[in-house]
Amino acid sequence: MAPSSNRRSGSRRAQYTTFIGYLVGGAGAVVGAGFLIVSIVNPGFMSTLRGVGADVVAPASRVAAEGKAEGADFFETISGYLAAGRQNAELKREIAQAKVRFVEAEAVAQENARLKILLGLMADDPKPVVAARLIGSSSASTRRFATLGAGTRDGVSVGMPIRSPLGLVGRVLEVSDSTARVLLITDGESLVPVRRASDGIPAFAQGRGDGTLQIRLINLGINPLKRGDTFVTSGSGGLYRPNTPIAIVSSVTTDGAIAHVLSDPANNDYVVVERMWAAGASDPAQNADVPGAEGQAPAS
Amino acid sequence: MKRPFEDSLNRRINKAPSTVVAVAVPWITVMLGSLVPALPLITASPLIPPFGFMLLVAWRQIRPGLLPVWAGLPLGLFDDLYSGQPFGSAMLIWSVAMIVLDMIEARFPWRTFWQEWLVGSLMVSVCLLAGAVFANASGGSTPLALIAPQAVLAILLYPLVGRLVAMFDRFRLLPFAKV
């Protein structure tokens, strides 16, 4: 519908108004294009303003995140009743298997500790910086960023890796007072040095933007990957702690594989911010014997 | 001078629409649409439609002339703060969209529902595509086909956003200010 006030009339005044409107609109587009070019050249452009913006809405996001977690619990409880019997039997079987595995794992851990003493290495697990919720994500953009509900006041700083109980989630890109912007491992810019858990074949895991990772092998040749292979971080580059689980191969390509992320950021209630690996390492030589140590350090 | 949005239906005895509300509602609703990524909806791939942009286009179609042509710049700036896109992406896309909508308005002053939907769908699709191209230029490497589900969802939701804007428009002109 065209209201009468907006129909084009022949008057000089109306023509000027229209012209000035286009002029100002065009100027807006030019300003936007200028900002865009600057931010493509320098991705940290305007990060302070972004941080302030995120800080302002963070309290509301936190409340919503808690509500979301409680809502999920509520539905899980209901669906749990529906599948209780079958699930009970399944869980009993699983726990019996898990008990055996646990004993085995304990034995391995003891052996590991003994060997480490023999080698004179310190087996220190540095304390995590803080546990916090992911309170938002760039859900409408093809870039994969998330907002973390902790910032400089909790000791978070740029470059710190983020993980959940299930595996690596991402790393901190920008920090403001009470929030932090996280580059998720599924973003196309994220490149994580990884190795196959079973035998340590080194590779890089690059995000594809859709919840999967592209595994790129460092040594080219016959592709040894199979469906179901698990990848863990290798620790090269010094950013991510070694042996953090990251992804499981879902399909094999000619030069690598497509892998599903183990720790889906959508399902995480709390995530843990860790210190950068190289900063917390007691012995720099420790990195040298990790396969793929020649890999480049991910840009901070 | 008679206020432009005052009509016989909305005038009551000693009550009239508030000018502040009538002017602010479109800006505020578009900004609320831009705030959707601040909700704890953590998605593995882009899926949530660009509500801020859809609201802007719907406001422009339902009430032409209410938002000025330059509105794309400040509203785009606000959207860039929360969208995760490289800064300036929405400022550029939204400014261009406002000019294009103004040209369509001048060319086809009388439009039907289907035409509005078609124009809105094209706008949203081009917005998503351009956004993905800009995001890739800033360091992402996402295949462009990935935005297809998001675009389909946005196109299907567009008439609903139009309804929503019509609702906000009625609220905007409620006579609750004392004269």
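Two strands pair if DSSP finds at least two bridges between them. Keep that rule in mind for the barrel below. The model is predicted.

Chain A is divided into two parts: domain 1 covers 83-123 and domain 2 covers 130-281. Their centres, taken over C-alpha atoms, are 24 Å apart.

Now look for the barrel in chain A. It is closed and has 6 strands. Follow them in the order β7-β8-β9-β12-β11-β10. The pairing is antiparallel. From one strand to the next, the twist averages 40 degrees.

| Strand pair (chain A) | Residues | Sense | Bridges |
|---|---|---|---|
| β8 and β9 | 202-207 and 212-217 | antiparallel | 5 bridges |
| β9 and β12 | β12: 256-261 | antiparallel | 5 bridges |
| β10 and β11 | 230-233 and 245-253 | antiparallel | 3 bridges |

A:A205 stands opposite A:I215 in β9(A). A:I215 also stands opposite A:A257 in β12(A). In another pair, A:T230 stands opposite A:I248 in β11(A).

**Chain B: two crossing helices**

Two packed helices are described by the angle between their axes and the distance between the axes. In chain B, take helix α2 (residues 51-62) and helix α6 (residues 148-172). Their axes come within 9 Å and cross at roughly 60 degrees. That angle makes α2(B) oblique to α6(B). The crossing is right-handed.

Which residues make the contact? From α2(B) come B:M54, B:L55, B:A58, B:W59 and B:I62. From α6(B) come B:A154, B:Y158, B:V161, B:G162, B:V165, B:A166 and B:D169. By class, the contact has 10 nonpolar, 1 polar and 1 charged residues.

**Where the chains touch**

How many residues does each chain bring to the contact between chain A and chain B? Chain B gives 56 residues and chain A gives 53 residues. On the chain B side, the elements that give two or more residues are α3 (72-83), α4 (89-107) and α5 (113-137). The largest share, 9 residues, comes from α4(B). The chain B side divides into 38 nonpolar, 17 polar and 1 charged residues.

Technical notes
Residues are numbered from 1 along each chain as its sequence is written. Chains are lettered from A and ligands numbered from 1 in the order in which they are written. This is a predicted model: local features need pLDDT of at least 70, side-chain atom pairs count only at pLDDT 80 or more; totals for chains, interfaces and linings use all residues. Domain bounds come from an automatic or database domain assignment. Axes are lines fitted to C-alpha atoms, for helices over the stretch in contact, and angles run from 0 to 180 degrees between N-to-C directions. Helices (H or I, at least four residues) and strands (E, at least two) are DSSP runs, numbered from the N terminus. Angles under 35 degrees count as roughly parallel, over 145 as roughly antiparallel, 65 to 115 as roughly perpendicular and the rest as oblique. A crossing is left-handed if the near helix is turned anticlockwise from the far one by less than a right angle, and right-handed if clockwise. Two residues are in contact if their C-beta atoms, placed from the backbone, lie within 7 Å. Ala, Val, Leu, Ile, Met, Phe, Trp, Tyr, Cys and Pro count as nonpolar, Asp, Glu, Lys and Arg as charged, and the others, Gly among them, as polar.
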